[in-house]
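Visitor: Please walk me through this model, with the terms kept brief.
Guide: Here it is, and a few terms will come along as we need them.
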Amino acid sequence: MDDPQTSAYQPVIGLEIHVQLSTRSKVFATEAFAFGGEPNTYVSPISLAHPGALPSLNQACIEQVVKLGLATHCQIDRQGYFARKNYFYPDLPKGYQLSQDQRPICYEGQVEVLQSDGSLKRVSLERIHLEEDAGKSIHDLDPEESLIDLNRAGTGLAEVVTRPDLRSAEEAGALLAEMRRLVRYIGVSDANMEQGNLRCDANVSIMPVGAEAYGTRVEIKNLNSITHLMRAIEHEIARQVRTVESGGTIVQETRTWDPVSQQTLPMRGKEMAADYRYFPEPDLLPLDLSEDLLHDLAASLPELPQARFQRYVAAGIPVNESFTLIEQRAFSDYFEALQRQSGDPKTAANWLLGPVRTYLNAEGIEIADFPVPPQAIAALMALVEEGQVSLPAAREQVFPALIAAPETAPQALAQRLEVMMESQAGELASAMAALMAAHPDEVARFRAGKKQLHGFFVGQLMRQFRGKADPKEVNEVVRQKLTAS
Amino acid sequence: MVEYQTLADIQRDLSTGSLSCSDLVDVYLARIEAHAHLNAFVEVYTEEARAAAVVVDQKIAAGTAGPLAGLVLGVKDVICHQDHGLTASSRMLTGFQSLFSATALERVLAADAIIIGRQACDEFAMGSSNETSCYGPVRNPVHPDYVPGGSSGASAAAVGASLCHASLGSDTGGSVRQPASFCGVVGLKPTYGRVSRWGLIAYASSFDQIGPITRSVEDAARILHVIAGPDGKDNTAHAVPVPDYPAALDAPARPWRIGYLQEAWDSPGLDPEIRQRGLDLMARLRAGGHEVKPVSFPLLDYVVPCYYILTTAEASSNLSRYDGVHYGYRSPQAEKLEAVYTRSRSEGFGLEVQRRILLGTFVLSAGYYDAYYGQAMKVRRRIRDYTLELLSDCDFLLTPTAPGTAFKLGEKLDDPIAMYLSDIYTVHANLAGIPAISLPLGQHSNGLPFGLQLMGRPLAEADLLAASRYLMDLKPL
C-alpha cells in the first residue's frame with residue numbers, strides 16, 4: 001500500500017451496511033424467527049408468498065430503525081413509505097423484496113468513527129432504510145439441485161448507506177466496527193457477523209491525489225467480516241491502481257471477494273445490472289410516526305459508546321484502555337457501575353482491565369458470567385484505598401477468594417485470610433526509634449541530604465512487621481521520625 | 001320454488017318452518033346442474049353445503065343462527081378458502097389449495113352463510129367478459145350466446161340464474177359492477193379499504209375490493225355489513241367502525257343532490273337506449289324532489305389509460321410469485337432456473353395475463369417509468385381530487401355502468417382496446433377509491449338487461465345503499 005504508484009491515488013470508499021434487526025418476529029410477516037432453526041420451519045403463507053397473503057408491518061422493526069437513525073443523527077421521515085424491488089430469485093418467493101426507495105425512514109445522518117488512535121472521523125450517512133431479507137439458496141449440499149431455506153425470508157434489515165467519505169481500508173474497517181458497537185449498544189441487532197447479522201457491501205473507486213471528480217466505482221458484495229472488508233478494499237484499490245497505471249480503465253461492475261485467493265472477482269457488469277422497477281408498495285400505507293413516538297425513542301437511547309469513550313479519556317484513562325472498556329456494552333456497563341460505586345474511574349479501569357479481564361480470559365467467559373458484582377469489587381477497592389489491605393494482597397488473595405464466594409463481603413474474606421492491616425502507629429513509632437538508635441550513621445547521612453535512605457528504613461520496618469503493616473503508614477512514620485529534629 | 005328476491009324473504013320462510021336450509025341447498029344444487037351450460041361453477045361443494053345446511057337449520061331451531069343464516073353463497077375463484085381449491089381460473093394454479101381463508105369469507109361463514117361452490121372468472125380477474133378463464137367461457141344467463149361480463153362474470157351469472165342467492169366477487173376496475181349490469185343483478189364495490197383484502201388474490205393491490213353480487217340492494221347491505229371492517233391482516237383496511245347498513249336503508253329519504261357526469265352521458269360510444277333510460281331516471285328523481293344537475297368530468301378520456309397503466313404495473317409485480325418454483329404450475333420441460341421461470345410462466349399464464357404482465361413491466365422500466373407509471377400516478381391523484389371535489393357538492397354521481405349491454409362471446413376477444421373501453425365508466429371509482437354500485441334498472445329492446453351506476457363519497461356506503469334502494473323503488477312517471 002505504500003508503494004509510490006498507490007500513493008499517487010486517493011481511494012474513495014462508501015459502504016452499504018445491512019443490519020439484521022433483533023426483533024423476535026419478521027418485519028412483514030407475523031411468524032417468529034430465530035437463528036439456526038431447522039430449514040423452512042419459520043415460515044407462513046406470508047413469507048411463502050401464497051396467493052392472497054398480504055404483508056403486515058412489525059412496529060418493533062420501525063422503532064428499531066428510528067432508534068438507529070436517532071443514534072446516527074439522521075433526519076427521520078415520519079411519513080416514509082415502502083417500495084417493491086422487483087427481481088426473480090428462488091429464495092425470494094414474492095418475486096419482489098419489500099424495501100424503501102424514495103422515502104427511507106432515516107436520511108442525512110452522520111457517524112463519528114473512533115479510529116485506533118482515538119481520533120474521530122466523521123462519515124455522512126445518505127440514508128437508513130428498512131427492508132426484508134431474502135431466504136437462503138444453498139448450492140453445495142446436493143450435487144444435483146439447489147436447496148432453499150426460507151427461514152430468513154421476511155426478517156427485518158436496516159440498510160445503512162454512507163456517503164463516499166472513507167479514504168482507506170482502515171477507515172472502512174473502523175466504521176464497520178463503530179456501527180457494530182453502536183447497534184449492539186442501542187439493542188437493535190446482535191450484530192454477529194459470523195451469523196450474517198451484519199453484512200457489508202463496499203463501493204470503491206480511486207482518483208489521482210488532488211483530483212475532485214471521483215473515479216468509476218466498483219461494488220464489492222457480501223463482505224461478512226471486518227477483516228474481509230479491509231482486505232477486499234485493499235486489494236481492490238491495488239487492482240484499480242494497477243489497471244489505471246497499465247493504461248486500462250475501470251469499468252463499473254459488481255465484484256465479489258474471494259477470501260481463499262484473496263482477490264476480488266467479477267460478478268456482473270453494468271449491462272447486466274438488474275432493472276428493479278421500484279414502485280411504492282400498495283399493500284402498506286405510508287408510515288405515520290408521531291412526534292411523541294420519536295421523543296420516546298430518543299429518550300430510550302442509552303449513552304452511546306462514543307460519549308463514554310470521551311468521558312473515560314477525560315477522566316484520565318488512556319486511549320487504548322478506554323477503547324477496550326467501550327468495546328462491549330456489557331463490559332462497559334460493568335465498568336460504569338464499578339466507577340460509580342468506587343468513585344475512582346482510573347483505579348476501576350485498572351481492576352477491570354487487570355485482574356478481572358485476566359480471569360475472564362483464563363476462564364473463556366464473558367463479563368455477563370463473571371460472578372462478582374461491581375459493588376463487591378468496589379468494596380475491595382475501598383479496603384485498599386483505606387489502607388486496610390495491601391494492593392498485592394487484594395489482587396492475589398482476596399480477589400480469588402471473592403470469585404469463589406461472591407456473596408461474602410471482601411472485608412470478611414480479608415480477615416479470614418489474615419491480610420487485614422491494623423493501625424500500628426504506636427508500635428511502628430517505637431520500632432522506628434529503636435531502628436534509628438541502631439543505625440545512627442544512616443540517620444546522619446539522611447539528614448545530610450541522602451534522601452534515598454528513607455527506603456532503607458521503610459524496608460527494615462516492613463520486614464519486621466512481615467508485610468502486615470500498612471505501607472502508607474510505615475512511610476509516614478519513617479518520614480516523621482527522620483525529619484523530626 | 002319461488003325465486004327469492006331477498007334474504008329477508010328466505011329467513012321469513014325459514015322461521016315459519018315452511019322452508020329449511022337443506023331444502024334450499026338442494027334446490028340450488030339442482031339448478032346448478034340444470035344450468036351447467038353456463039359454466040359458472042369451477043367446483044360445487046355439494047356434500048359440504050348439505051352438511052352446513054343441517055347445522056344452520058339446527059341453529060335456526062335453537063335460535064342461535066347468525067345474521068346470514070339461509071344465505072346460499074357462491075364465491076369467486078380468487079377468494080381464499082382454507083383447504084379448498086383456489087386457482088384464479090388459471091392453469092398456473094391448477095390443483096392449488098389454500099392454507100387459509102380470506103377475512104371476508106371467514107366473516108360470512110361466522111354469520112352462518114352456506115358456501116355452495118367456487119365460481120369461475122377471467123384469469124386472475126383480468127378481463128371484462130369471463131372469456132379468459134382456463135375453464136372456458138361463462139355464458140350469460142339471459143342469453144347463452146352473450147358474455148356475462150367480467151371478471152366476476154360467473155358470480156353474476158350464478159345470481160342472475162338463481163344458482164345461488166348471492167356471490168362474493170372482486171372488483172378492480174368494474175369486475176363486480178359490469179357483470180352485474182350484464183346479468184341484471186346488483187353489484188357493489190365498497191370504498192377501497194372497507195373490506196379486508198386478506199385472502200383475495202391480488203390483481204392490482206391499490207384497486208382491488210371484494211364486493212357482493214345480489215338480487216337486491218337490501219342483501220348487498222346485509223352482506224357488506226358482515227364482511228366490512230378493520231382487519232389486522234390488511235394494513236390498508238380502514239379502522240373506521242362499520243355503520244349498520246341494513247338499518248340505514250330504512251332511514252327516511254331526504255332530498256339528494258345527484259350529479260350526472262356530462263361527458264359520460266354524452267359519450268358517442270354509449271348505447272342510446274341506456275342514455276334514454278338514464279334521462280328518464282333523472283326526470284323521475286327531479287319529480288321526486290331531488291336535485292339533479294350536470295357536472296363536468298373532463299378527465300373521462302384519461303381514466304382507461306391511467307387505469308391500465310397502474311393496474312398492469314401492480315399486476316406485473318403481484319404475479320411474480322407465480323414462478324414455477326414454490327407452488328403451482330412448473331413446466332415439465334424446464335430444467336435450468338431461467339427456463340423454469342420463462343417456460344412455467346409462458347405455459348401457465350393465458351395470453352391476456354401475459355399481455356398485462358408485459359405491459360406492466362414495461363411501464364415500470366427504467367427510462368419509461370416517469371412517462372408512464374409516474375405520469376399515471378399524477379393523473380390518478382387528479383382524478384381522485386377532482387372526483388372528491390365533485391362529491392363535496394353532490395351526494396352521488398350517476399353514470400351508466402357500461403356503454404352497452406352484454407356483447408357476444410368472442411366479439412371483443414381479439415380487440416383488447418375495445419374490451420378495455422367497456423370499463424370506461426367503472427374504473428373511475430377504483431381510481432378514486434370511492435364506493436360504487438350497479439343497479440339493474442334497465443331492460444334493452446335487444447332483450448338484455450343493463451345497469452346504471454351510482455358512486456358515492458368514501459366510506460359513505462350507508463348513504464349509497466339508501467339512495468340505491470330509493471332508485472330501485474322509484475315508480476315510472
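Guide: Helices (H or I, at least four residues) and strands (E, at least two) are DSSP runs, numbered from the N terminus. This is a predicted model, in which local features need pLDDT of at least 70 and side-chain atom pairs count only at pLDDT 80 or more, while totals for chains, interfaces and linings use all residues. Residues are numbered from 1 along each chain as written, chains are lettered from A and ligands numbered from 1 in written order, and side-chain values use heavy atoms, without hydrogens or water.

Visitor: Where does Ala49(A) sit?
Guide: Ala49(A) lies in the loop between strand 1 (9-20) and helix 2 (59-71) of chain A, and, although not a glycine, Ala49(A) has a positive phi of about 60°.

Visitor: And which peptide bond is cis?
Guide: The bond from Gly150(B) to Ser151(B) is cis, with omega near 5°, and Ser151(B) belongs to the loop between strand 3 (114-119) and helix 5 (153-160) of chain B.

Visitor: Which element of chain A has the lowest mean pLDDT?
Guide: That is helix 1 (residues 4-7) of chain A, at 69, whereas strand 2 (residues 75-76) of chain A has the highest, at 98. Where pLDDT is low, the predicted coordinates should not be read in detail.

Visitor: New topic: how do helix 6 and helix 7 of chain A cross?
Guide: The axes of helix 6 (residues 305-314) and helix 7 (residues 319-327) of chain A come within 9 Å and cross at roughly 145°, where axes are lines fitted to C-alpha atoms over the stretch in contact and angles run from 0 to 180 degrees between N-to-C directions. Helix 6 of chain A contributes Pro305(A), Arg308(A), Phe309(A), Tyr312(A) and Val313(A) to the contact (heavy atoms within 4.5 Å), and helix 7 of chain A contributes Val319(A), Ser322(A), Phe323(A), Leu325(A) and Ile326(A).

Visitor: How many cavities are there?
Guide: A search of the whole structure finds five of 30 Å³ or more. On a 1 Å grid over the protein atoms alone, a cavity is where a 1.4 Å probe fits but cannot get out, a pocket is an open set with protein on both sides within 12 Å along at least five of seven lines, and lining residues have an atom within 4 Å of a point. Volumes are the space filled by probe spheres set on points joined across faces, edges and corners.

Visitor: What lines the largest cavity?
Guide: The largest cavity holds about 150 Å³ of space and is lined by 20 residues, with Phe28(A), Ile46(A), Ser47(A), Lys94(A) and Glu132(A) nearest its centre. The second largest cavity, with about 80 Å³, has a lining of 13 residues, and those nearest its centre are Gly52(A), Ala53(A), Ala202(B), Asn318(B) and Arg321(B).

Visitor: And what volume has the second largest pocket?
Guide: Its volume is about 960 Å³, and of its 31 lining residues the closest to its centre are Pro286(A), Ser206(B), Met377(B), Arg380(B) and Arg384(B). Helix 11 (300-318), helix 14 (370-393) and helix 16 (427-432) of chain B each supply at least two residues of that lining, and helix 14 of chain B gives the most, with eight.

Note on methods:
pLDDT = per-residue confidence, 0-100.
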